[in-house]
Amino acid sequence: NFFSAIYAAQITTIFICGVLTAALCFKPRRPFCSMNVVGQSPWVFSFSTLQQRVKEKVDKKKAKGSSALLEELDKADLSVRSLQELVERILVVKAFPVDKNQACEIAQAIESLKTCADLMNYGLNPLEQRISELSRLLIDSRMVLLDIYSHSSSCGGGGN
């Protein structure tokens, strides 16, 4: 059925966008949402199972205290916090100029943060490409669906 296919595409798109949103947020304001999918189509059970597995993974990450779902974002968050604590410690005791040990600690913290930034940058290009592909696919699908709808309407098969 044509409308079942549209429904499945719509549900899948909303789910994927929700997963991306949850993965790219440091501290999501809302819990990972589950959609109640209705119907007797064969994909409904598989979709519900996938949705449950993703929710379990998200809950497991949150239970471990991760502030982000993506490991790279979590590592970057930890590196930033570590550097911030180090700088604040130095500022509180007003130890200027810093000694060799403190300078070494700062250099290590900065290097750790640089490594995290490099890893995120490395992974960002493929993600950007995939999101662009998804966007093109959604636009192309919409155009095809509109064309099919307008064709069926002009043939008297289901207009307003």
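Glu111 is partly exposed, because its relative accessible area of 44% falls between the limits for buried (under 20%) and exposed (over 50%), as found with a 1.4 Å probe on protein chains only. The structure is a predicted model, in which local features need pLDDT of at least 70 and side-chain atom pairs count only at pLDDT 80 or more, while totals for chains, interfaces and linings use all residues. Residues are numbered from 1 along each chain as its sequence is written, and side-chain values use heavy atoms, with hydrogens and water left out.

Glu111 belongs to helix α4, which covers residues 100-154; helices here are DSSP runs of H or I with at least four residues, numbered from the N terminus. The C-alpha atom of Glu111 is 9.4 Å from that of Ser79, a residue 32 positions away along the chain.

How far apart are the end C-alpha atoms of α4? They are separated by 79 Å, which agrees with the 81 Å that its 55 residues should span at 1.5 Å a residue, where the expected span is 1.5 Å times one less than the number of residues. The helix α4 does bend, by about 30 degrees at Leu124, and Pro126 follows within four residues; the bend is the angle between axes fitted to the seven residues ending at a position and the seven starting there. The buried residues of α4 are Gln102, Ala109 and Cys116, and their cover includes α3 (71-93).

The largest nonpolar core is made of Ile11, Phe15, Met35, Val37, Val44 and Phe47, 6 residues in total. Such a core is a set of buried Ala, Val, Leu, Ile, Met, Phe, Trp, Tyr and Cys residues joined through side-chain atoms within 4.5 Å. Helices α1 (2-24) and α2 (43-63) each supply at least two residues of this core.

Aromatic pairs come to 2 in number, counting rings of Phe, Tyr and Trp (its six-membered ring) with centres within 6.5 Å, and calling planes under 30 degrees apart stacked, over 60 edge-to-face and the rest tilted. The Phe15 and Phe47 rings are edge-to-face, because their planes meet at 75 degrees, with centres 5.2 Å apart. This pair links distant parts of the chain, with Phe15 in helix α1 and Phe47 in helix α2, 32 residues apart. Trp43 and Phe47 also form an edge-to-face pair, with ring centres 6.1 Å apart and planes at 75 degrees. These two residues are separated by about one helical turn, because they lie 4 residues apart in helix α2.

Key: Contact means heavy atoms within 4.5 Å.
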